[in-house]
Amino acid sequence: MPATFRATTARCASLLLTALLLTSGQAAAIDLQPGEIAAPPIGIRIVQSSLVYNEFGDTYRNDERVAGLPEGSSLNYQIRLGQSFELAGMPAFAYAQTQVGYSHVESSPGNLQGDSGLADTGLLLAVWPYADQENETYFGIGAYLILPTGSYDHDRLINRGENRYRTALQAGYQTRLVDGLHLATAIDALYHGDNDEFTARKLKQEKDTLYTLQLGLRYDINRMFSLAGNYFVTEGGHVDVEGVEVSGNEKLRRYQLTGVMNLPYGRIFLQYGGDLSRENGPFEEHRTILRFLTTF
C-alpha cells in the first residue's frame, strides 16, 4: 500500500471514526424493549412508531479523548410493522422496520457534513422454542437482515445508510422472578458486509462483528404502569479502510431507562439513556425516545 495513503489515513482516522458512528443515530446492538422477549399471541398485528433523538459529545480513540472534533446530533422517526403467527408448532413473529430523519454535525470541518432522508431497512424473523405463558418464562431466537436502503453518497463522510448488508442473530430469555418483577437477558452478534464505496475515493471499508449482551429488569407497578432498566455491553467492531485500521474495539457500555403506560388503545414508552463508557467513537451523551405501539 502506498505510504502516502497510510499517512493520510492515519491523520484522518479520528475524523473518519466520528463519521462512521454518526451515520444514522442507530444503536450498535439490536435493542430489545421491555417485554419483547415474551412470545406474542398468535395472529396479532403490531404498528410501532418511535421518535429517537441522540446527542453525541467528545470522540474517543483507543480510550483517549480526541481534541478538535465536532459534536453532533440526530433525530429519527421510526416505523415498525409486524405480524405474529405459528411456525413449525412454535410461536413466531416477523417485522419490517425503517426510519427517516437527519444527522447533524456542529462546526463541521472539511466535508464532514450531515445528511437527511431514509435509513437502512431492518427485517426480523423470531421463533420461541420455549414459551411458558403461565410462569411468564420464554426463550426466543431472532434472525435479522438489514438492507442498504438508506441515503448514501460516497462524497459524504456522514450518511443515513451504510451502503452494505448486515445480518444478526440474537437469543433472548425472560422470566418472572416474583410477582411484578421480570428479568430479561439477550445476546446478539451483528455481522457486516463490506462498503466498497467509502469516501470519494471509493475505498473498501470493512467492519468486524459486534457482540452485545443486554440485561434488563422490569417492575410492573400495576396493570397500567411499568418501569424498566437495561444495561448493554458491546465488544468488537474493528473498522479497516483498505487494510488500515480506522477504529479499534468499540468496548461500549451504556444504559437505558424506560417508563411504560398501558392504555386500552396501545402502549406508550418513554425512554432515556446514553453511554457510560466508550473506547472508540463519539460518546453518546443523551438518547431520548418516545414510542407508541398498538395491536390489532
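First, the term. A salt bridge here is a side-chain nitrogen of Lys or Arg within 4 Å of a carboxyl oxygen of Asp or Glu. Keep in mind that this is a predicted model.

So, Arg65 and Asp58. Their side chains meet in a salt bridge, with 3.1 Å from N to O. That sits inside the 4 Å cut-off, so the pair counts. How accessible are the two partners? Arg65 is partly exposed, at 49% relative accessibility. The line for exposed is over 50%, so Arg65 stays in the partly exposed class. Asp58 is partly exposed as well, with a relative accessible area of 27%.

How many salt bridges does the rule give? The count is 17.

Next, Arg156 and Asp115. Here the closest N and O atoms are 3.0 Å apart, in a salt bridge. This pair links distant parts of the chain, 41 residues apart. Arg156 is in the loop between strand S7 (137–147) and strand S8 (166–178). Asp115 is in strand S5, residues 115–118. Is Asp115 buried or exposed? Buried, with a relative accessible area of 9%. Buried means under 20%, so Asp115 qualifies.

Now Arg164 and Glu162. They form a salt bridge too, and the closest N and O atoms are 2.9 Å apart. Both Arg164 and Glu162 are buried.

One network to look at. Which residues does it link? Asp31, Arg254, Glu284 and Arg287, through salt bridges.

Hold on to Arg254, please. Besides its place in that network, Arg254 has its charged end over the ring of Phe232, 4.1 Å from the ring centre. Arg80 has a contact of this kind as well: its charged end sits over the ring of Tyr95, 4.1 Å from the centre.

That brings us to ring on ring. The structure holds three aromatic pairs. One of them is Tyr265 with Phe292. The centres are 6.3 Å apart, and the planes make an angle of 40°. Why is the pair called tilted? Stacked needs planes under 30 degrees apart and edge-to-face needs over 60, so 40° falls in the tilted class.

Where do the two rings come from? Tyr265 lies in the loop between strand S16 (252–263) and strand S17 (266–277). Phe292 lies in strand S18, residues 281–295. So the pair ties together parts that are 27 residues apart in sequence. On accessibility, Tyr265 counts as exposed at 54%, while Phe292 is partly exposed at 30%.

That's the tour. Over to you.

Definitions and conventions: Residues numbered from 1 in each chain as written. Predicted model: local features only at pLDDT ≥ 70, side-chain atom pairs only at ≥ 80, totals over all residues. Heavy atoms only, no water. Buried < 20%, exposed > 50% of the residue type's maximum accessible area, 1.4 Å probe, protein only. Helix = DSSP H or I, 4+ residues; strand = E, 2+ residues; numbered from the N terminus. Phe/Tyr/Trp six-rings, centres within 6.5 Å; stacked < 30°, edge-to-face > 60°. Lys NZ or Arg CZ within 6 Å of the ring centre and 35° of its normal.
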